[in-house]
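Hi,

Here is the model I promised to send over. Please have a look at it first, and then read my notes below.

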Amino acid sequence: MAMNSGPPSRAQLSAELERLRARAERLDAELAALVRARSGAPDDDEHDPEGEPFSAQWSLRTGLLESARADVLQAEAAMQRFEDGSYGTCLTCHGPIPSGQLEVRPFRERCVSCS
Ligand SMILES: [Zn+2]
């Protein structure tokens, strides 16, 4: 990323949102594949020494998917705030979020002291 400081541009936010959406879709597809593999497999794969038990894989991926979806929602909300001009304003104290904090986490909704 360029060294010049400043809040992210709309194009950067949009690219990041697309990246998050792609990640959520990939996790969703992985879960679907896991279900398909499960339905074709014998019931005793919980005892398969070669791999993680299905339940562990399932809970890992559903956790990742939930957090990926939450990231997408947060990113969409940030895009919305960008459109209405409130992007970069802390939701709690209504002060400006320092651009250095936005560079690290472009979709942050609160300044460091409020979050
Ligand atoms: Zn604040």
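Along the sequence the chain reads α-α-α, and its secondary structure amounts to three helices and zero strands. Helices here are DSSP runs of H or I with at least four residues, strands are runs of E with at least two, and both are numbered from the N terminus. Please keep in mind that this is a predicted model, where local features need pLDDT of at least 70 and side-chain atom pairs count only at pLDDT 80 or more, while totals for chains, interfaces and linings use all residues. Residues are numbered from 1 along each chain as its sequence is written, and side-chain values use heavy atoms, with hydrogens and water left out.

Let me start with the helix pair. H1 (residues 10–40) packs against H2 (residues 54–84) at an angle of about 155°, and the two axes lie 9 Å apart. This makes H1 roughly antiparallel to H2; angles over 145 degrees count as roughly antiparallel, under 35 as roughly parallel, 65 to 115 as roughly perpendicular and the rest as oblique. The axes are lines fitted to C-alpha atoms, for helices over the stretch in contact, and angles run from 0 to 180 degrees between N-to-C directions. By class, the contact of H1 with H2 has 17 nonpolar, four polar and 11 charged residues. In that count Ala, Val, Leu, Ile, Met, Phe, Trp, Tyr, Cys and Pro are nonpolar, Asp, Glu, Lys and Arg are charged, and the others, Gly among them, are polar.

Next, the metal site. Which residues coordinate the zinc ion? They are Cys-90, Cys-93, Cys-111 and Cys-114, each through SG, at 2.3 Å. Donors are N, O and S atoms within 2.8 Å of the metal (3.2 Å for Na, K and Ca); water is not among the atoms, so sites may look incomplete. In sequence the donor residues are spaced C-x2-C-x17-C-x2-C. The arrangement is tetrahedral because the four donor atoms subtend angles of 102 to 118° around the zinc ion; four donors count as tetrahedral if all angles lie between 85 and 135 degrees.

Is Cys-111 buried or exposed? Cys-111 is buried, at 8% relative accessible area, whereas Cys-114 is partly exposed at 29%. Buried means under 20% relative accessible area, exposed over 50% and partly exposed in between (1.4 Å probe, protein chains only). Buried residues make up 27% of the 115 residues in the chain.

His-94 is exposed, at 60% relative accessibility. Leu-91 sits in the loop between H2 and H3 too, and its C-alpha lies 9.7 Å from that of Ser-115, 24 residues away in sequence.

Finally, Glu-103 belongs to H3 and is partly exposed at 27%. Its C-alpha is 6.3 Å from that of Pro-7, although 96 residues separate them along the chain.

Best wishes

How values were computed:
Tetrahedral: all angles 85-135°; square planar, octahedral: opposite > 155°, others 65-115°.
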